[in-house]
Structures are given as C-alpha cells and as structure tokens.
Amino acid sequence: MADIISRKEWGAAKATGSYTRVSSTRGVKVHYTGGPVPARIVDDHSVCVQLVRDVQRMHMSGGRETRYVDIGYSLVACPHRKVFMGRGPGHLVAANGPGLNAGHYAVLALVGSSGFTTPNEGVKHAVRDAIEYLRKEGRAGVEIKGHRDGYATACPGGPLYAWVKAGAPRPSGGGSSASPSSTPADLAKLLPMLKLGATDWHVKTVRGLLHARGYVPADLLSTEFDAALKTLVRLFQGAEGLDADGIVGALTWRELIGALPELAANDEAWAVKTLRGLLFARGYDPGALWSTSFDAALRAVVIAYQRAEGLAPDGIVGPKTWRRLLRL
Ligand SMILES: [Zn+2]
Ligand SMILES: [Zn+2]
C-alpha cells in the first residue's frame with residue numbers, strides 16, 4: 001500500500017490547465033532530480049517536501065523551457081517510503097521527453113546527482129509502491145524503465161538506474177527509517193572534489209580542517225580555492241603520505257576529517273580539533289582551534305549551533321551533528 005501524501009498535504013500549487021487523459025501506459029519511467037539532494041534528506045522529511053515544491057515551481061515557471069501546467073511527474077517517491085501525488089494516474093506526464101510521455105508514467109525518486117545519490121531502502125520501496133499504485137489506478141503496464149531509455153539524458157543517475165535495470169527489486173527490509181551511514185570514509189565520498197579555482201562553501205570546510213591540523217590558511221573564511229590554499233593542501237597531503245596534487249578528493253577529505261567519534265563535555269580527543277575547525281567554518285567561535293579538550297565553552301558553542309540548526313541541543317556531538325557540520 002502506497003503511503004500517499006496528497007497535493008493539499010504537500011502544499012501543491014493548483015494546476016494552471018487541464019491534463020490530457022491517458023487510459024493506459026506501457027509502464028513507468030523512473031527519474032532522479034538531476035541536481036543536488038542533500039544527504040541529510042534521509043534524516044529530515046521536511047527536505048523532501050521542500051524539494052517537491054521546488055520541482056513543481058521550476059516546472060511551472062518554465063525551467064524546462066516551456067511552462068508546464070503542473071509538476072511534470074505522475075508521482076514522487078521519497079527516502080521515507082512516502083509517495084507524493086503529482087499529476088496522478090490517468091494523466092499525461094511532461095517528464096519523459098517529446099513523444100515519450102504517452103507511453104509511460106513518470107515517477108521521480110528524490111535521489112540527486114550529488115549528495116544523496118544512492119537510493120536507500122525507503123526510496124526503493126516508495127518507487128515500487130508508486131509503480132503498483134499506477135498499475136492499479138492508472139492501468140500502467142509491466143515495463144519499468146529509466147528516463148535514459150530512449151532519451152539522451154543521465155537521468156536517473158548511475159546507482160538508481162542500475163537498480164531499475166535489475167528490475168527494481170523490493171529491498172528485503174522495511175525501509176521506513178533508514179539510518180544514514182556516517183563513517184568518515186562514506187562522508188568523504190559525499191563531499192565535492194575541490195581544486196584550484198573552485199568556489200564552494202566546502203572550501204571553508206577545508207580551511208577550517210587544515211587549520212585544526214596545524215596548517216594555517218591566510219583567510220579562514222574564504223570560499224575561494226586559491227593558489228595559497230593549494231600550497232597548503234599539498235603540504236598536508238605530502239605529510240600524510242598522499243599524492244601531493246593539491247586536489248581535495250575523497251582520500252584527502254578522509255584524512256582531513258579523520259575519525260568522528262561521539263564527543264561530549266570533558267572529552268579529550270583529537271577529533272575535538274575537527275569539531276572546532278568545522279564550527280569555525282560555520283561562523284561560530286569555538287576558541288582555540290588546535291585544542292583537543294572539549295571544555296565548557298565549547299559545549300556552549302555546540303549547543304548554540306544545534307539550536308540554530310534545529311538539532312536536539314544536548315551538547316553531544318553524534319552522527320547527526322557531525323553530518324550537519326559537514327553540510328551533508
Ligand atoms: Zn528524468
Ligand atoms: Zn521524505
């Protein structure tokens with residue numbers, strides 16, 4: 001049974017015209033957003049709601065060249081195993097490409113081209129739930145395809161497409177409350193590759209973490225990856241036995257982040273420096289960036305940060321706070 005979120009519930013704008021009816025289709029095509037989806041979406045369903053509204057607004061304002069009367073998709077599947085009502089069954093979509101809309105319904109999975117790129121169990125279940133709903137209510141045929149089948153596009157992205165090609169099998173677990181992976185190696189893979197010339201919020205993250213490691217950038221809050229930063233990155237890489245190419249990829253991120261244990265007041269840990277560097281990059285004053293002591297002043301800063309970010313303000317730095325600090 002699909003857990004449907006009605007248009008009223010997600011705050012959909014009213015369609016500006018009537019839909020073209022379709023009595024049946026050959027099946028369903030699966031899509032992804034084609035843009036960034038923050039990895040923290042798995043912890044926060046309100047991110048899903050906002051994304052669906054954004055997609056509708058983009059489609060209706062002409063972001064796909066012509067103004068659509070509504071969101072282009074039949075249904076939207078989210079990582080919390082919920083299904084947002086889009087155009088719904090029995091209505092022509094506007095997402096598969098010219099001439100390809102009558103053949104298949106369109107289901108958007110809230111998976112992106114960066115950030116949350118690998119579908120979790122919740123979103124796989126939700127896509128299956130959406131397909132079954134369209135078969136039952138909209139006479140969808142048995143085909144399950146990706147947007148790229150028959151149209152030149154990267155959609156629905158490598159990991160989701162691989163699952164579609166495998167027949168979109170249901171996962172074995174329930175998938176209603178998937179917990180994010182928070183190992184440093186996994187987080188490092190979610191962070192963008194940065195090199196000379198890049199402008200990115202995460203350049204500040206690099207600067208803060210380098211400072212915490214004893215490499216002091218001239219400007220800690222700049223989001224520009226300049227030549228001076230490249231020099232520092234190369235020094236860091238050389239000292240860590242990495243290829244000193246000055247490019248911050250997954251391996252360098254992994255070393256910069258280090259271990260991310262749960263931290264609380266009075267802890268003495270190397271990761272406290274990581275925490276201080278990240279808080280600084282987020283605009284907070286964590287005191288001495290190189291101190292490994294989780295003192296009372298730092299706890300107060302952590303609580304202020306958690307409160308501002310809508311996290312439980314317990315002063316304990318666990319997986320959710322780490323991920324938020326890394327903006328993942
Ligand atoms: Zn697509
Ligand atoms: Zn959701």
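Start by selecting Ala77 and Ala109: the bridge partner of Ala77 in E6 is Ala109. You're looking at a predicted model, where local features need pLDDT of at least 70, side-chain atom pairs count only at pLDDT 80 or more, and totals for chains, interfaces and linings use all residues. Residue numbers run from 1 along each chain as its sequence is written.

Now widen to strand E4 (residues 75-77) and strand E6 (residues 104-109), which run parallel and are joined by three bridges. Strands here are DSSP runs of E, at least two residues long, numbered from the N terminus, and two of them pair if DSSP finds at least two bridges between them.

Next, show the whole open sheet: six strands in the order E1-E5-E4-E6-E2-E8, with mixed pairing. At its edges sit E1 (4-5) and E8 (140-146), each pairing on one side only.

Then colour the largest nonpolar core, 84 residues, where Leu75, Ala77, Val107, Ala109, Leu110 and Ala130 touch the most other members. Domain 1 (4-165) and domain 2 (184-325) both contribute residues, so this core lies between them. (A core joins buried Ala, Val, Leu, Ile, Met, Phe, Trp, Tyr and Cys through C-beta atoms within 7 Å; buried means 20 or more other C-beta atoms within 10 Å of the residue's own, with C-beta atoms placed from the backbone. Domain bounds come from an automatic or database assignment.)

Click Leu110: among its contacts are Thr33, Val37, Ile41, Cys48 and Val123, leaving aside residues up to four places away in sequence. Contact means C-beta atoms, placed from the backbone, within 7 Å.

Finally, zoom out: the C-alpha centres of domain 1 and domain 2 lie 36 Å apart. Their contact takes five residues from each of domain 1 and domain 2.

Definitions and conventions:
Chains lettered and ligands numbered in written order. Helix = DSSP H or I, 4+ residues; strand = E, 2+ residues; numbered from the N terminus. Buried ≥ 20, exposed ≤ 12 C-beta atoms within 10 Å, placed from the backbone. Contact = placed C-beta atoms within 7 Å.
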